[in-house]
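Here are my notebook entries from a first look at this structure. Come and read along with me.

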Amino acid sequence: MLFETPRLRIRPMKMTDLEAVYQHRKNPDTAKYIGPPATRATAKARLEQACQNWQGRVDEKRILAIELKHSQLLIGELVFKYTSEDKKCGEIGFRLAAEQIGKGYGFEAADALIQWLFNHTPIQVISAVCAKENVKSQQLMCRLGMVCHDLQRSKLSLNGKLHDALVYNLKRGEANNASPASA
């Protein structure tokens with residue numbers, strides 16, 4: 001997967017991304033709804049996983065870099081995985097460096113990934129999951145046209161505590177047509 005938006009390049013990760021991946025994964029503020037802040041070792045392990053040849057198996061993660069086109073700065077990650085055997089359902093996730101939040105990059109990157117998936121795969125439904133307390137992710141999923149369809153009690157384990165999770169869905173044909181500049 002490789003595609004671009006007006007401001008971003010979405011590309012496969014490479015091992016030379018280690019420092020940027022470590023920098024945005026070690027921040028406790030951006031990690032609090034995902035898992036513990038990264039150490040250099042856990043960031044390297046995640047990057048090694050991301051650099052593996054993706055086979056498209058169910059629950060196998062495809063981790064992509066979000067890069068600013070004008071500076072080639074890696075500012076975050078997108079994740080995709082198939083969640084059903086017939087590959088008509090998948091799940092996305094996203095993470096941005098703290099200093100890049102609030103600039104529309106999350107929407108621009110996630111919207112581009114959704115459009116790419118609906119145009120290049122048999123996906124019929126895309127889901128995303130977030131902690132109930134993660135209001136910013138909920139707002140982003142709503143802007144993407146996703147609809148909250150499930151509350152899963154005590155589903156997410158974060159920092160040793162169980163949290164309620166919200167599951168959002170978007171069906172093929174219901175994808176958001178808003179441009180990143182207008183959202």
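**Entry 1: Lys-87**

I began with a side chain: that of Lys-87 comes to 2.6 Å from the backbone oxygen of Gly-56. I call this a polar contact, meaning a pair of N or O atoms within 3.5 Å; within protein, one must be able to donate a hydrogen and the other to accept it, and residues adjacent in sequence count only if both atoms are side-chain atoms.

Before going on, I noted that this is a predicted model, where local features need pLDDT of at least 70, side-chain atom pairs count only at pLDDT 80 or more, and totals for chains, interfaces and linings use all residues. I also noted that residues are numbered from 1 along each chain as its sequence is written, and that side-chain values use heavy atoms, with hydrogens and water left out.

Where does Lys-87 sit? I found Lys-87 in the loop between E4 and E5. Helices (H or I, at least four residues) and strands (E, at least two) are DSSP runs, numbered from the N terminus.

I looked up the exposure of Lys-87 and got a relative accessible area of 27%, so this residue is partly exposed. The scale is: buried under 20%, exposed over 50%, partly exposed in between (1.4 Å probe, protein chains only).

Leaving aside neighbours within four places in sequence, I listed the contacts of Lys-87 (heavy atoms within 4.5 Å): they are Gln-55, Gly-56, Arg-57, Tyr-82, Pro-122 and Ile-123.

**Entry 2: the sheet**

Next I traced the strands. I found 8 of them in an open sheet with mixed pairing, ordered E1-E2-E3-E4-E5-E6-E8-E7. E1 and E7 (147-158) are the edge strands, each pairing on one side only. Two strands pair if DSSP finds at least two bridges between them.

Glu-4 has Arg-9 as its bridge partner. I then followed E2 to E3 (residues 62-68), an antiparallel pair with 5 bridges, where Pro-12 faces Leu-64.

**Entry 3: confidence**

Last, I checked pLDDT, the predictor's confidence in each residue, from 0 to 100. The chain mean is 91, and 95% of residues reach 70 or more. I marked residues 177-183, where pLDDT stays under 50.
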